[in-house]
Amino acid sequence: MSTESTESTPVRFDTKIAVLLRDDLAAWQRLNVTAFLVSGLGTEIPEVIGEPYADADGTPYLPMFRQPVLVLEGSKEVLTAAHGRALSRALPRAVFTSDLFTTGNDRDNRAAVRAVPKDQLDLVGLAVYGPRNAVDKVLKGARMHP
């Protein structure tokens with residue numbers, strides 16, 4: 001949980017949301033993969049979602065994550081290692097494989113992932129959520145996305 005003493009004090013989170021992207025993706029692929037990956041976290045972990053927004057006129061907007069999302073990049077090997085560490089720590093995670101660039105819907109996406117054993121997935125993206133230290137260990141070897 002976060003701790004907050006006053007309205008002006010920065011909020012510090014004990015948890016971290018992070019996306020790790022393979023460093024050989026095109027710009028449009030990086031954006032697409034990030035969007036898909038983080039959508040999975042919000043559906044399964046309701047505490048990552050904040051309160052709804054409204055502007056000064058009272059126009060309502062959807063709630064978003066309550067904390068920043070860090071986006072990192074790494075080689076295929078870094079991504080594979082991070083996936084293994086996320087599994088061993090049982091952290092909530094979402095995956096995006098290269099096969100998903102050729103499918104066009106959720107049903108086919110799930111079938112494409114289901115067809116491949118976990119140690120043979122051609123990962124291009126991974127999202128993880130959990131305690132800061134655990135997420136940092138999972139992402140060892142990755143670097144901040146430029």
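A salt bridge is a side-chain nitrogen of Lys or Arg lying within 4 Å of a carboxyl oxygen of Asp or Glu. The legends below describe a predicted model, in which local features need pLDDT of at least 70 and side-chain atom pairs count only at pLDDT 80 or more, while totals for chains, interfaces and linings use all residues. Residues are numbered from 1 along each chain as its sequence is written, and side-chain values use heavy atoms, with hydrogens and water left out.

**View 1. The protein as a whole.**
The secondary structure comes to four helices and seven strands, where helices (H or I, at least four residues) and strands (E, at least two) are DSSP runs numbered from the N terminus. Read along the sequence, these elements follow the pattern β-α-β-β-β-α-β-α-β-α-β, and the C-alpha trace spans about 50 × 35 × 30 Å along its principal axes. Of the 146 residues, 34% count as buried; buried means under 20% relative accessible area, exposed means over 50%, and partly exposed lies in between (1.4 Å probe, protein chains only).

**View 2. Salt bridges of Arg143.**
Side chains of opposite charge can pair when their charged atoms come close. Arg143 forms a salt bridge with Glu73, with the closest N and O atoms 3.3 Å apart. Arg143 lies in strand E7 and Glu73 in strand E4 (residues 69–74), so this pair ties together parts that are 70 residues apart in sequence. Glu73 counts as buried at 8% relative accessibility, whereas Arg143 is partly exposed, with a relative accessible area of 40%. The side chain of Arg143 also meets that of Asp23 in a salt bridge (3.2 Å, N to O). This second pair links distant parts of the chain, with Arg143 in strand E7 (residues 143–144) and Asp23 in the loop between E1 and H1, 120 residues apart. Asp23 counts as partly exposed, at 30% relative accessibility.

Arg22 is buried, with a relative accessible area of 10%, while Asp122 is partly exposed, with a relative accessible area of 26%.

The largest pocket has a volume of about 520 Å³. On a 1 Å grid over the protein atoms alone, a pocket is an open set of points where a 1.4 Å probe fits, with protein on both sides within 12 Å along at least five of seven lines, and lining residues have an atom within 4 Å of a point. Grid points are joined across faces, edges and corners, and the volume is the space filled by probe spheres set on the points. Of the 19 residues that line this pocket, the closest to its centre are Gly40, Ala94, Val95, Asp106 and Arg110. Helix H1 (27–44), strand E5 (93–97) and helix H3 (106–114) are the elements that give two or more residues to the lining, and H1 gives the most, with seven residues. The lining divides into ten nonpolar, four polar and five charged residues; here Ala, Val, Leu, Ile, Met, Phe, Trp, Tyr, Cys and Pro count as nonpolar, Asp, Glu, Lys and Arg as charged, and the others, Gly among them, as polar.

**View 3. A nonpolar surface patch.**
Tyr53, Tyr61 and Met64 make a nonpolar surface patch of about 330 Å². Such a patch is made of residues with over 30% relative accessible area and no salt bridge, whose nonpolar side chains (Val, Leu, Ile, Met, Phe, Trp, Tyr) are joined within 5 Å; accessible areas come from the Shrake-Rupley method with a 1.4 Å probe, and for residues only the protein chains shown count as cover. Tyr61 lies in strand E3 (residues 60–61) and is partly exposed, with a relative accessible area of 43%.

**View 4. The backbone at Ala90.**
Most residues other than glycine have a negative phi. Phi of Ala90, however, is near 55°, a positive value in a residue other than glycine. Ala90 is found in the loop between helix H2 (76–88) and E5, and at 60% relative accessibility Ala90 counts as exposed.

Note on methods
Patches are made of residues with over 30% relative accessible area and no salt bridge: like charges are joined within 9 Å, nonpolar side chains (Val, Leu, Ile, Met, Phe, Trp, Tyr) within 5 Å.
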